[in-house]
Amino acid sequence: MKATIWHNPKCGTSRKTLAILENLSKVDVEVVEYLKTPPTAEKLAQLYKDAGITPQQGLRRRGTDAEERGLPDADDVTVLAAMAADPILIERPLVETEKGARLCRPQDTVLEIL
């Protein structure tokens, strides 16, 4: 099975999720450091749809200016465009497999799609 993780190596939850994936021999892991290589707004929309959450639920509020920018109450297109332009606004880690996608907070959430 292939798994793609949108990862921030400075985030403890992201590191723990990556460790879960790397410790499973059946998983071929692709790591994308999303701050260096951000997903497009279209890719984010697909990930959130597959995860069953809204872009607003995938919005990182802590340590960002999301609140000041009014993003928690903005429409999906505005939130997705802001995330694509400023990837620090993306809550992490996001993981995608053939079984779906999850925002892995807590990290054990990844097991739902393995």
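Modeller: Cys 104 is buried, its relative accessible area being 0%; buried means under 20% relative accessible area, exposed over 50% and partly exposed in between, with a 1.4 Å probe and protein chains only. Cys 11 also counts as buried, at 6% relative accessibility. This is a predicted model, in which local features need pLDDT of at least 70 and side-chain atom pairs count only at pLDDT 80 or more, while totals for chains, interfaces and linings use all residues. Residues are numbered from 1 along each chain as its sequence is written, and side-chain values use heavy atoms, with hydrogens and water left out.

The cysteine sulfur closest to that of Cys 104 belongs to Cys 11, and at 11 Å it is too far for a bond. The structure holds 0 disulfides, a disulfide being a pair of cysteine sulfur atoms within 2.5 Å.

Now the strands. Helices (H or I, at least four residues) and strands (E, at least two) are DSSP runs, numbered from the N terminus, and two strands pair if DSSP finds at least two bridges between them. Strand S4 covers residues 100-103 and pairs with strand S3, residues 94-97, in the antiparallel sense over 4 bridges. Within this pair, Glu 96 has Ala 101 as its bridge partner, and a hairpin of 2 residues joins S3 to S4. S3 also pairs with strand S1 (residues 2-7), again antiparallel and over 4 bridges; here Trp 6 stands opposite Leu 94.

Together, 4 strands form an open sheet with mixed pairing, in the order S2-S1-S3-S4. S2 (28-33) and S4 are at the edges with a single partner strand each, so one side of each has no neighbour in the sheet. From one strand to the next, the twist averages 15°; axes are lines fitted to C-alpha atoms, for helices over the stretch in contact, and angles run from 0 to 180 degrees between N-to-C directions.

Helix H1 (residues 12-22) packs on the sheet, touching S1, S2 and S3, and its direction makes about 165° with that of S1. Contact means heavy atoms within 4.5 Å. Thr 13, Ser 14, Thr 17, Leu 18 and Leu 21 of H1 are buried. They lie on the same side of H1 because they cover an arc of only 135° around the axis, taken from the directions from the helix axis to the C-beta atoms. Their cover includes S1, S2 and S3. Helix H2 (residues 41-51) lies across S1, S3 and S4, at about 75° to S3.
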